[in-house]
Amino acid sequence: LPADLIHALPASVRLICEAGTGYNNVDLGACRERGISVSNVPTYATEAMAHMAITSLMACSCSLWQQAAAFGCGDFQYLEQCHPGSLTHVELHGKTLGLVGGLGTIGKRVAAIASALGMKVVASSSRMAAIGQQNGMEVVSLDELRETSDLVSIHCPLNANTKGLIGRVELAKMKPTALLINTARGRSIDEEAMVKAL
């Protein structure tokens, strides 16, 4: 909903409710000018998003997508040799999962599932009150999260503070073997920096 569309709405419109968690597609400045409130549904698809993040972590940890793509093209080398060869294979148990924006509804659910898999979970959030334990989760600075996590999963909204949150400097601070999962908004990662890092 861009500004021109919001300004064209009739005066009777007092509320825009995003039927989802993210509302970066609504021009908030134009809504403020018109006196229109904006709300979202914070618990929309919590389980589905948490399952997607964990499914992505599991698939990346064993190069499932690469093996499936090879198999789909008639390349049976991984099936015949019974191991992924030079492809990534990481046991998730005992690994550290860093949740960027992990104190929200989805992040907390991902943390619970990852903990059940035997992973250590740390979180970093702009809303954190203090570094330390919060609701059974260790809260660390974003720098510490990037430097110590074996896997990083992004669960923050897209706004002026989080656009390009993971860029060249941040990627360089991550472990070279770290896996990065983004089930949040795409632009929270600087795509050009990601391409160069790969």
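This is a short tour of the structure above, one selection at a time.

The model is predicted, so local features are given only at pLDDT of at least 70 and side-chain atom pairs only at pLDDT 80 or more, while totals for chains, interfaces and linings use all residues. Residues are numbered from 1 along each chain as its sequence is written, and side-chain values use heavy atoms, with hydrogens and water left out.

**Whole chain.** Start with everything shown as a cartoon. The C-alpha trace spans about 65 × 45 × 30 Å along its principal axes. Of the 198 residues, 38% count as buried (under 20% relative accessible area; exposed is over 50% and partly exposed in between, with a 1.4 Å probe and protein chains only).

**Helix α3.** Next, select residues 46-61. Helix α3 has 16 residues and reaches 23 Å from its first C-alpha to its last, close to the 22 Å expected (1.5 Å times one less than the number of residues). Now colour its buried residues, including Ala 50, Ala 53, Ile 54 and Leu 57. The buried residues of α3 pack against α4, β3 (96-100), α6 (105-116), β7 (151-154) and β8. After the helix comes Ser 63, whose phi is positive, near 55°.

**The largest nonpolar core.** Which residues touch the most other members of this 21-residue core? Select Leu 97, Leu 99, Val 110 and Leu 151 to see them. A core here is a set of buried Ala, Val, Leu, Ile, Met, Phe, Trp, Tyr and Cys residues joined through side-chain atoms within 4.5 Å. Helix α6 gives the largest share, 5 residues. Zoom in on Leu 99: leaving aside neighbours within four places in sequence, its contacts (heavy atoms within 4.5 Å) include Val 110, Val 121, Leu 145 and His 155.

**Thr 183.** Move to the loop between β8 (179-182) and α9 (191-197), where Thr 183 is found. Is Thr 183 buried or exposed? Thr 183 counts as buried because its relative accessible area is 18%. Beyond neighbours within four places in sequence, Thr 183 is in contact with Met 49, Met 52, Ala 53, Ile 154 and His 155.

**Helix α4.** Finish by selecting Phe 71, which lies in helix α4 (residues 64-72). With a relative accessible area of 45%, Phe 71 is partly exposed.

How values were computed
Helix = DSSP H or I, 4+ residues; strand = E, 2+ residues; numbered from the N terminus.
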